[in-house]
2 protein chains.
Amino acid sequence: MSTRRDTAARRAIAAELAEQQNFRTAQEIHADLKLKGASASLATVYRNLAAMAGTGDIDVVLKADGEALYRHCSQPHHHHLICRSCGKTIEVRSHHIENWLEEQAAEHNFYDTDHRVEMIGLCQICHETHSS
Amino acid sequence: MSTRRDTAARRAIAAELAEQQNFRTAQEIHADLKLKGASASLATVYRNLAAMAGTGDIDVVLKADGEALYRHCSQPHHHHLICRSCGKTIEVRSHHIENWLEEQAAEHNFYDTDHRVEMIGLCQICHETHSS
DNA sequence: CTATCTGCAAAGTCTTTGCACTTTT
DNA sequence: AAAAGTGCAAAGACTTTGCAGATAG
């Protein structure tokens with residue numbers, strides 16, 4: 001699982017990730033593949049996602065309950081604004097933030113730093129729905 | 001478990017959290033309590049931590065593998081710089097960041113937002129150790 | 001043909017829950 | 001006593017792993 005052969009399962013998983021814009025759980029990806037006929041076992045989905053995440057091919061974040069969310073690695077460096085109800089994600093970016101983060105790391109003598117900024121809330125639509 | 005009675009278990013858990021500065025897992029807290037004689041069942045530890053986190057009495061973050069880390073609620077709002085090797089945590093804070101985050105949320109019409117900023121890297125000590 | 005990958009099912013972790021019993025109030 | 005908390009063990013959810021069979025190179 002360290003190397004990366006071009007298998008049907010891996011292709012299907014990669015395709016599924018490429019097709020969807022939002023973060024998905026391994027379970028969802030597995031279910032979607034099954035629906036589309038291009039099934040792969042849950043174990044295989046996990047193994048491939050882990051491999052892809054390991055090589056940096058895909059992004060991973062953790063939901064509030066600890067479940068992992070995967071998404072195909074995108075664009076330049078950025079962060080997320082996530083709706084806690086519908087899961088909609090908006091990418092945000094700012095040089096200010098990046099700079100500040102790097103300054104902090106340097107100031108405290110940290111090396112090989114990486115960071116993650118996540119904001120969760122209710123998007124307008126869900127907010128309106130909930131308050132009805 | 002919604003209200004908060006003054007029980008031995010809750011006191012022991014709160015004391016344990018107050019005593020330690022770093023983030024601990026529920027399992028660790030449970031083990032430590034057992035060692036100190038002031039044991040409480042794992043289920044009780046979880047129930048109390050959940051209750052305390054719910055009322056905002058303690059902070060919760062998720063480890064990379066999804067396990068929850070708890071820590072007695074500290075100071076004002078802040079974020080963390082964590083050593084990926086030894087786990088040392090440094091708290092960082094900045095009005096700039098907070099403001100920027102709020103602006104972003106507002107700009108995208110998000111409500112009831114919360115956010116988390118985490119930086120991980122190697123602290124100086126671990127960096128030196130690793131490169132030997 | 002050999003190294004890998006996949007499926008399946010069993011096993012592991014962390015966490016939650018049902019229920020009878022105990023402690024608070 | 002009534003209400004809330006606790007322990008224990010069973011149950012859940014997500015993820016990992018062992019192993020035989022299938023597949024890529």
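Through which surface do the copies, chain A and chain B, meet? The points below take up this question and then turn to the individual chains.

1. Basis of the note. This is a predicted model, in which local features need pLDDT of at least 70 and side-chain atom pairs count only at pLDDT 80 or more, while totals for chains, interfaces and linings use all residues. Residues are numbered from 1 along each chain as its sequence is written, chains are lettered from A and ligands numbered from 1 in the order in which they are written, and side-chain values use heavy atoms, with hydrogens and water left out.

2. The shared surface. Of the interface residues of chain A, 100% are also interface residues in chain B, so the copies meet through the same surface. In total, 35 residues of chain A are in contact with 35 residues of chain B (contact means heavy atoms within 4.5 Å).

3. Buried area. Chain A and chain B bury about 3,200 Å² between them, and carbon and sulfur atoms give 67% of this (the accessible area, with a 1.4 Å probe, that two parts lose on being put together, summed over both). On the side of chain A, Trp100(A), Phe110(A) and Tyr111(A) lose the most area to chain B, together 21% of what that side buries.

4. Strand 4 (79-83), strand 5 (89-92), helix 4 (95-107), strand 6 (111-122) and helix 5 (124-130) of chain A each supply at least two residues of the side that touches chain B. Strand 6 of chain A gives the most, with 12 residues. Helices (H or I, at least four residues) and strands (E, at least two) are DSSP runs, numbered from the N terminus. Between the chains there are zero salt bridges (a side-chain nitrogen of Lys or Arg within 4 Å of a carboxyl oxygen of Asp or Glu).

5. Salt bridges elsewhere. Over all chains the count comes to 14 salt bridges. One of them joins the side chains of Lys36(A) and Glu16(A) at 2.8 Å, N to O. Lys36(A) lies in the loop between helix 2 (26-35) and helix 3 (42-54) of chain A, and Glu16(A) in helix 1 (residues 8-19) of chain A, so the pair ties together parts that are 20 residues apart in sequence.

6. The sheet of chain A. Three strands form an open, antiparallel sheet in the order 1-3-2 (two strands pair if DSSP finds at least two bridges between them). Strand 1 (24-25) and strand 2 (58-62) of chain A are the edge strands, each pairing on one side only. Two bridges join strand 1 to strand 3 (residues 68-72) of chain A, and Arg24(A) has Tyr70(A) as its bridge partner in strand 3.

7. The sheet of chain B. Here, too, three strands form an open sheet in the order 1-3-2 with antiparallel pairing. Strand 2 and strand 3 (residues 68-72) of chain B pair over five bridges, and Val60(B) stands opposite Tyr70(B) in strand 3.
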